[in-house]
Amino acid sequence: MKPGIHPEYHEITVIMTDGTEYTTRSCYGKAGDTIRLDIDTKSHPAWTGVQRIMDTGGQVAKFNKRFAGIGARTKG
């Protein structure tokens, strides 16, 4: 490896969504930094097989309410 062109490789702590943590080596941040994950293998549907149910009716109603006046002509 060429000297001086590679990032520093050091230990960091990773905290999973359920609160468990482990130490790994990474180029992220500085030595001793912590990463708190929002999604991991314990919570993501790709690994758990549990799908989240979307509230499509509520989303459509919210969209219609927000953009109801767009395109409406007014007498002027």
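# Worked exercises on a predicted model

Phe-63, Phe-67 and Ile-70 together form a nonpolar patch on the surface, with about 320 Å² of accessible area. Accessible areas come from the Shrake-Rupley method with a 1.4 Å probe, and for residues only the protein chains shown count as cover. Patches consist of residues with over 30% relative accessible area and no salt bridge, where like charges are joined within 9 Å and nonpolar side chains (Val, Leu, Ile, Met, Phe, Trp, Tyr) within 5 Å. A salt bridge is a side-chain nitrogen of Lys or Arg within 4 Å of a carboxyl oxygen of Asp or Glu.

The model is predicted: local features need pLDDT of at least 70, side-chain atom pairs count only at pLDDT 80 or more, and totals for chains, interfaces and linings use all residues. Residues are numbered from 1 along each chain as its sequence is written, and side-chain values use heavy atoms, with hydrogens and water left out.

## Exercise 1

Describe the order of secondary structure and the overall exposure of the protein.

Solution. Step one is the count: the protein has 2 helices and 3 strands. Helices (H or I, at least four residues) and strands (E, at least two) are DSSP runs, numbered from the N terminus. Along the sequence, the pattern is β-β-β-α-α.

Of the 76 residues, 11% count as buried. Buried means under 20% relative accessible area, exposed over 50%, and partly exposed in between (1.4 Å probe, protein chains only). The protein exposes about 6900 Å², and 55% of this is supplied by carbon and sulfur atoms.

Step three is contact range, where contact means heavy atoms within 4.5 Å. Among contacts with a separation of 6 or more, residues 24 or more positions apart account for 8%.

## Exercise 2

Find the aromatic pairs and classify their geometry.

Solution. A search of the whole structure finds 1 aromatic pair. Phe-63 and Phe-67 have ring centres 4.9 Å apart and planes at 50 degrees, so the pair is tilted. The rule is that rings of Phe, Tyr and Trp (its six-membered ring) pair if their centres lie within 6.5 Å; planes under 30 degrees apart count as stacked, over 60 as edge-to-face and the rest as tilted.

Phe-67 is partly exposed, at 35% relative accessible area. Ile-70, also a member of the patch, sits in the segment after helix H2 (56–66). With a relative accessible area of 61%, Ile-70 is exposed.

## Exercise 3

Is Asp-40 buried or exposed, and what does Asp-40 touch?

Solution. Asp-40 belongs to the loop between strand E3 (34–36) and helix H1 (45–48). Its relative accessibility is 6%, so Asp-40 counts as buried. Leaving out residues up to four places away in sequence, Asp-40 touches Met-16, Thr-17 and Trp-47.

Now take Thr-17. Asp-40 and Thr-17 are 23 residues apart in sequence, with their C-alpha atoms 6.7 Å apart. A polar atom of the Asp-40 side chain lies 3.0 Å from the backbone nitrogen of Thr-17.

Lys-42 is partly exposed, at 46% relative accessible area. Its contacts, not counting residues up to four places away in sequence, are Met-16, Asp-18, Thr-20 and Thr-48. Lys-42 and Asp-18 are 24 residues apart in sequence and 7.9 Å apart, C-alpha to C-alpha.

## Exercise 4

Solution. Ser-26 is in strand E2 (residues 21–26). At 18% relative accessibility, Ser-26 counts as buried.

Thr-23 and Glu-11 are 12 residues apart in sequence and 6.6 Å apart in space, C-alpha to C-alpha.

Finally, move to the loop between E2 and E3, where Gly-29 is found. Gly-29 is partly exposed, with a relative accessible area of 46%. Gly-29 and Glu-8 are 21 residues apart in sequence, and their C-alpha atoms are 9.2 Å apart.

Key
Polar contact = N/O pair within 3.5 Å; in protein donor to acceptor, adjacent residues only side chain to side chain.
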